[in-house]
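Thanks for sending this one over. Here are my notes, point by point, to read alongside the coordinates.

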Amino acid sequence: MIDTIDLLFYSIFVKECAPMSNHRRVISPTGIYHVMSRGNNKNKIYENESDKKKLLKYFKRIADSNEVIILAYCIMPNHYHLLVQEMPDEPQAIPDGAIVQSEPGTGGTGAIVQSVPGSNCTGGVSHGIHRLNTAYSHYYVMKYGHVGHAFQGRYRSKAIDSVDYLARV
C-alpha cells in the first residue's frame with residue numbers, strides 16, 4: 001500500500017530540477033563527495049527507528065535513481081553524512097557558478113562555470129540530495145506537524161580530492 005508520504009516523495013522525485021544553488025559547489029575531479037545535512041537549529045532529524053528507516057528508504061531511492069552511488073552513510077541523531085559518487089556514465093549538468101577544480105598537481109586554480117541558457121539539470125549530487133532532503137522534510141513535517149524547516153539550510157558537500165581526505169571520511 002502506498003501512503004500519502006510516498007506519493008508526495010514520488011511527485012518531488014520526478015519533478016524537473018529547479019536551480020537552487022546559493023553558493024558555489026566545488027566539482028570533484030574524482031566525482032566523489034562527502035555530503036552532510038544537519039537538522040534545523042541542530043534539532044533531531046528523526047524521532048524513532050521508523051523515521052530512521054524512512055530516511056534510509058530515501059537514501060536507497062536516490063541510489064536507485066542512478067544519479068549517485070552511495071558508497072557509505074552515517075545517520076546521527078541531528079545530521080547525516082553520505083559518501084557519494086556521481087554516476088560516471090551519465091553526462092551531468094554543472095551547476096551555475098560552480099568551481100571546477102583542475103587535476104591535482106597541474107597548478108590550476110579552477111574556473112567559475114556559467115550555465116547555458118535553456119539548459120536543464122540532469123541529475124547528479126545536487127539534484128539527488130536536494131530531492132532527498134525535500135522529500136524527507138515533507139515526511140517529517142507532515143508526520144509531526146512541525147513548523148519550519150527540517151534541515152538547516154542547504155546541504156554541504158566537500159569534494160573528495162585526495163586519498164587522505166577519503167580515508168578521514
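1. Tyr58 and Tyr136 are both buried. In this predicted model, their rings form an edge-to-face pair, with 6.3 Å from centre to centre and 80 degrees between the planes. The pair links distant parts of the chain, as Tyr58 belongs to helix 2 and Tyr136 to helix 3, 78 residues apart.

2. Tyr136 also pairs with Phe151, this time in a tilted arrangement: the centres are 6.2 Å apart and the planes make an angle of 50 degrees. Phe151 sits in the loop between helix 3 and strand 7 (156-159), 15 residues from Tyr136. Both of these residues are buried.

3. How many aromatic pairs does a search of the whole structure find? It finds eight. Ring pairs join Tyr58, Tyr136 and Phe151 into a cluster that also includes Phe59, Tyr73 and Tyr80.

4. The largest nonpolar core has 25 residues, and Tyr80, Ile129 and Leu132 have the most contacts inside it. Strand 2, helix 2, strand 3, strand 4 and helix 3 each give two or more residues to this core, and helix 3 supplies the largest share, seven. Beyond its neighbours within four places in sequence, Ile129 touches Val35, Ile62, Tyr80, Leu82 and Tyr155.

5. A polar atom of the Ser28 side chain lies 3.1 Å from the backbone oxygen of Ile160.

Methods. Residues are numbered from 1 along each chain as its sequence is written. This is a predicted model: local features need pLDDT of at least 70, side-chain atom pairs count only at pLDDT 80 or more; totals for chains, interfaces and linings use all residues. Side-chain values use heavy atoms; hydrogens and water are left out. A polar contact is a pair of N or O atoms within 3.5 Å; within protein, one must be able to donate a hydrogen and the other to accept it, and residues adjacent in sequence count only if both atoms are side-chain atoms. A nonpolar core is a set of buried Ala, Val, Leu, Ile, Met, Phe, Trp, Tyr and Cys residues joined through side-chain atoms within 4.5 Å. Buried means under 20% relative accessible area, exposed over 50%, partly exposed in between (1.4 Å probe, protein chains only). Helices (H or I, at least four residues) and strands (E, at least two) are DSSP runs, numbered from the N terminus. Contact means heavy atoms within 4.5 Å. Rings of Phe, Tyr and Trp (its six-membered ring) pair if their centres lie within 6.5 Å; planes under 30 degrees apart count as stacked, over 60 as edge-to-face and the rest as tilted.
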